[in-house]
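Subject: Structure for you to look at

Hello,

Here is the structure I said I would pass on. Please open it first, then read the notes below it.

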Amino acid sequence: MHKVSIPQDVIDRIMQQRGRINRFDGLDPVKTALVVVDLQNVFMLPGMPVEVPAAREIVPNVNRLAEATRAAGGTVVWVSMNLEGERDAWSVFFAGDRRRETMDELGPGSHGYALHADLDVKPEDLRIDKRRYSAFIQGSSDIDARLKARGIDTLLIVGTLTNVCCESTARDAMMLNYKVFFLSDANAANSDADHNATLATVQRVFGDVVTTDEAIGLLEGGTARAAAE
């Protein structure tokens, strides 16, 4: 698991800007979606071309969050990278890159494309393919329309890589006016430095950074408030 550390100067700037670390006091579970980004075999299994070892460590927390989100009446969304037929669209990124075989592993039917076997995926959950790092950028997926059709306005973002697909998704979601909660212990990168750089950026600008326990507390608190009304 990553050792989480947000620099004090970042915290100081946040306090100067808004007088508090987090933007949001709570959430409405029914309007909340857990967005699980790219926890596919190609990123998680040993020997795969883009293996992220730390991604295997976050599976228990992701499953806890999925269970808590469903129990609170929220939506669980499993987002998968699908690059089938996208070779020309990604030609700039993969120019001179030795990992072009990644393209072959990220198409439906390939072992790399499949979600990791230890993930607790339920039939009622949403499954969405994306074709860019961000799930929300134009042309990547239909996630925005599908979430808004369900009245979703709040996202819990988890997955891998912290500083690539997860950060890109969080940034674009915030710019589409979603409330973003980014999980410090349910995202995975290739190093603590990469992971923490994203946490600092998200906390500063794009959302609230919380732990799995804190997010589950927010879900349970939201359910309790609704029951008392």
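Arg70, Asp120, Lys122 and Asp125 are linked in a network of salt bridges. Please keep in mind that this is a predicted model.

Two others can be set beside the first:

- Arg87 and Asp104 meet at 3.3 Å, N to O. Arg87 is in the loop between β2 (75-81) and α5 (91-94) and Asp104 is in helix α6, 17 residues apart. Arg87 has 34% relative accessibility and therefore counts as partly exposed, while Asp104, at 54%, counts as exposed.
- Arg171 and Glu167 meet at 2.9 Å, N to O. Both sit in helix α8 (residues 162-175), 4 residues apart, which is about one turn of the helix. Glu167 counts as buried because its relative accessibility is 10%, whereas Arg171, at 32%, is partly exposed.

Next, the nonpolar residues. The largest nonpolar core has 71 residues, and Val62, Ile143, Leu147, Leu155 and Ile157 have the most contacts inside it. Strand β5 (residues 179-188) gives the most to this core, with 6 residues.

Which residues does Leu147 touch, not counting those up to four places away in sequence? They are Ala33, Val77, Leu126, Phe136, Ile152, Leu155 and Tyr178.

Regards

Definitions and conventions
Residues are numbered from 1 along each chain as its sequence is written. This is a predicted model: local features need pLDDT of at least 70, side-chain atom pairs count only at pLDDT 80 or more; totals for chains, interfaces and linings use all residues. Side-chain values use heavy atoms; hydrogens and water are left out. A nonpolar core is a set of buried Ala, Val, Leu, Ile, Met, Phe, Trp, Tyr and Cys residues joined through side-chain atoms within 4.5 Å. Buried means under 20% relative accessible area, exposed over 50%, partly exposed in between (1.4 Å probe, protein chains only). Helices (H or I, at least four residues) and strands (E, at least two) are DSSP runs, numbered from the N terminus. Contact means heavy atoms within 4.5 Å. A salt bridge is a side-chain nitrogen of Lys or Arg within 4 Å of a carboxyl oxygen of Asp or Glu.
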